[in-house]
Amino acid sequence: MRGVIVLDFSATANSTFMYGLGALVAAFITILSGVFLIRAWRAGRRQGLTAGVMLKVIRTSAVFTIVPSIAILLGLITMAGGLGVPLPWIRLSVIGSVQYELIAADSAARSAGLPGLLLRYMTPEIFASVMIVMTVCILAGPVFNLFFLKRYLGRVNRLQQKDNRWGKLVVASLFMGMICTFLGNPILTVRETPRAGWIALLVMAIAAVIYAGCDALVRYGKQKWLDGFALPISMIAGMVVAGLIG
Amino acid sequence: MSSRSPHDQPVVRAPYSETIHFVSRVWTGLGLILILAIPVLFCLRYQVWPDGQAILAGLLKVGVIYLPIGVIEAITFGPILGGGASYLAFITGNLTNLKIPCAVNALEQAKVEQGSEAGEILSTLSVATSSIVTNLILVMGVLLLIPLTPVLQSPVLTPAFANVIPALFGALGYMFISRNWRLSVLPLLFILILFLTLPLGIAKTISGGLIPITVLVTLIGARVLYKRNWV
């Protein structure tokens with residue numbers, strides 16, 4: 001032992017060291033994303049994609065990302081009460097998502113004998129255990145990619161080349177399955193807390209109607225400027241209604 | 001621009017979808033090392049030994065569900081995102097609530113097909129941009145946490161941000177169902193029946209890992225529609 005005495009765990013969870021780790025992860029993610037961005041841009045130019053098309057994708061993606069990212073930041077604030085600020089920052093920057101992190105951290109804390117995810121009951125040993133559980137349980141996806149993604153995507157590509165119409169339908173079905181699952185989730189909320197569930201369904205309906213309106217304006221009203229903004233506008237419209245009546 | 005003599009042979013490059021795997025695997029490996037290093041560095045710095053029983057109990061509780069889900073997610077989302085974007089999205093996270101809708105929306109706006117070479121490139125551009133923006137917002141949020149917390153937790157903004165996912169999937173739902181409504185009938189019916197008939201506790205427990213099952217149902221329906229030439 002080098003004489004490290006931990007009295008107030010909040011100070012440890014929010015220490016300069018932990019913020020340093022957070023900064024390290026943030027720097028890694030920035031470099032990683034930058035490398036992929038540059039490689040994709042160069043590949044795009046070789047492929048014959050125009051700078052205009054690629055810039056449009058970058059702009060659309062940046063604008064689209066703002067609102068969900070603020071929701072992720074809100075998740076960070078929620079988790080900070082139980083884990084301090086740096087660990088949620090780290091966990092929400094790599095692999096995880098708010099839903100997963102909260103479930104994993106809470107389960108790990110309860111497994112260690114805590115009544116819940118509460119910083120005031122945390123000890124360094126439990127905190128380390130929570131970190132390990134949160135980290136290890138989310139690794140399956142990237143580990144799969146590391147060893148199997150190339151071969152798997154090769155098979156999918158061969159399927160698409162063999163039967164292009166069915167191949168396209170498979171990819172469309174993957175996304176449709178995901179959308180339909182999320183469309184059904186508010187039904188569970190209605191059963192559990194009816195008011196919150198009905199608000200979620202209303203938000204969904206409003207976002208869909210506003211998107212349909214934007215889509216019609218782009219297609220028939222020649223409002224091309226709306227093209228990259230239809231999704232964020234419809235989301236914000238739905239969320240504004242939730243804010244007003246929620 | 002590089003100058004090339006007329007005698008030089010033009011460089012024939014393999015397609016992006018093939019070359020991206022090597023570099024992506026290197027970065028994924030580095031990412032995994034960094035992610036695993038965080039708890040190790042914490043233990044070393046504070047000289048603590050984690051509670052083995054708590055880890056085992058936590059792994060059994062959480063890992064049993066989330067480790068298979070991770071693999072199934074990679075299988076499900078890989079073809080949607082394509083090579084480069086998949087590696088990147090699985091390191092930077094927030095897949096269903098951000099990266100996948102972001103990439104799909106970007107391809108939609110660019111009128112490029114998913115699964116094509118151009119689609120793979122644009123999907124990577126989209127996920128990389130999204131990761132940088134999220135990273136920036138999180139860094140700014142951490143730096144401004146004290147003044148931002150009461151604003152983000154205000155009575156108006158809390159319910160608004162609690163409904164980001166319904167707002168996102170409401171709009172995306174219109175976008176995709178309006179184009180291919182036949183494909184959506186079976187999965188929507190499946191989810192509706194499942195969520196209305198199952199006891200609430202069971203329905204809530206399975207809802208987290210339901211996407212692959214709904215995808216399977218959608219694929220079965222798609223195969224029937226395809227055979228009958230209805231899609």
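Tutor: Keep in mind that this is a predicted model. We can begin with helix 2 (residues 16-47) of chain A and helix 5 (residues 117-143) of chain B, whose axes come within 8 Å and cross at roughly 155 degrees.

Student: Why are helix 2 of chain A and helix 5 of chain B called roughly antiparallel to each other?
Tutor: Their axes cross at roughly 155 degrees, and angles over 145 degrees count as roughly antiparallel, so helix 2 of chain A and helix 5 of chain B are roughly antiparallel to each other. The crossing of these two helices is also left-handed.

Student: Which residues meet where helix 2 of chain A and helix 5 of chain B come together?
Tutor: Among those from helix 2 of chain A are G22(A), A26(A), F36(A) and W41(A), while helix 5 of chain B brings residues including E117(B), I121(B), N135(B) and V142(B). By class, the residues of this contact divide into 14 nonpolar, nine polar and one charged.

Student: How many residues does each chain put into the contact between chain A and chain B?
Tutor: Chain A gives 133 residues and chain B gives 130 residues. On the side of chain A that touches chain B, helix 8 (residues 164-192) of chain A gives the most, with 25 residues, and by class that side has 92 nonpolar, 31 polar and 10 charged residues.

Student: What makes helix 4 (residues 86-93) of chain A largely enclosed by the rest of the structure?
Tutor: A residue is buried if 20 or more other C-beta atoms lie within 10 Å of its own, and eight of the eight residues of helix 4 of chain A are buried, so this helix is largely enclosed by the rest of the structure. W89(A) and R91(A) are among the buried residues. Helix 4 of chain A is followed by I95(A), whose phi is positive, near 60 degrees.

Student: How do you know whether N14(A) counts as buried, exposed or partly exposed?
Tutor: N14(A) has 18 C-beta neighbours inside 10 Å; being buried takes 20 or more, being exposed takes 12 or fewer, and partly exposed lies in between, so N14(A) counts as partly exposed.

Student: Where is N14(A) placed, and what does N14(A) touch, not counting residues up to four places away in sequence?
Tutor: N14(A) is in the loop between helix 1 (9-13) and helix 2 of chain A, and, with that exclusion, N14(A) touches G84(A), V85(A) and P86(A).

Methods
Residues are numbered from 1 along each chain as its sequence is written. Chains are lettered from A and ligands numbered from 1 in the order in which they are written. This is a predicted model: local features need pLDDT of at least 70, side-chain atom pairs count only at pLDDT 80 or more; totals for chains, interfaces and linings use all residues. Axes are lines fitted to C-alpha atoms, for helices over the stretch in contact, and angles run from 0 to 180 degrees between N-to-C directions. Helices (H or I, at least four residues) and strands (E, at least two) are DSSP runs, numbered from the N terminus. Angles under 35 degrees count as roughly parallel, over 145 as roughly antiparallel, 65 to 115 as roughly perpendicular and the rest as oblique. A crossing is left-handed if the near helix is turned anticlockwise from the far one by less than a right angle, and right-handed if clockwise. Two residues are in contact if their C-beta atoms, placed from the backbone, lie within 7 Å. Ala, Val, Leu, Ile, Met, Phe, Trp, Tyr, Cys and Pro count as nonpolar, Asp, Glu, Lys and Arg as charged, and the others, Gly among them, as polar.
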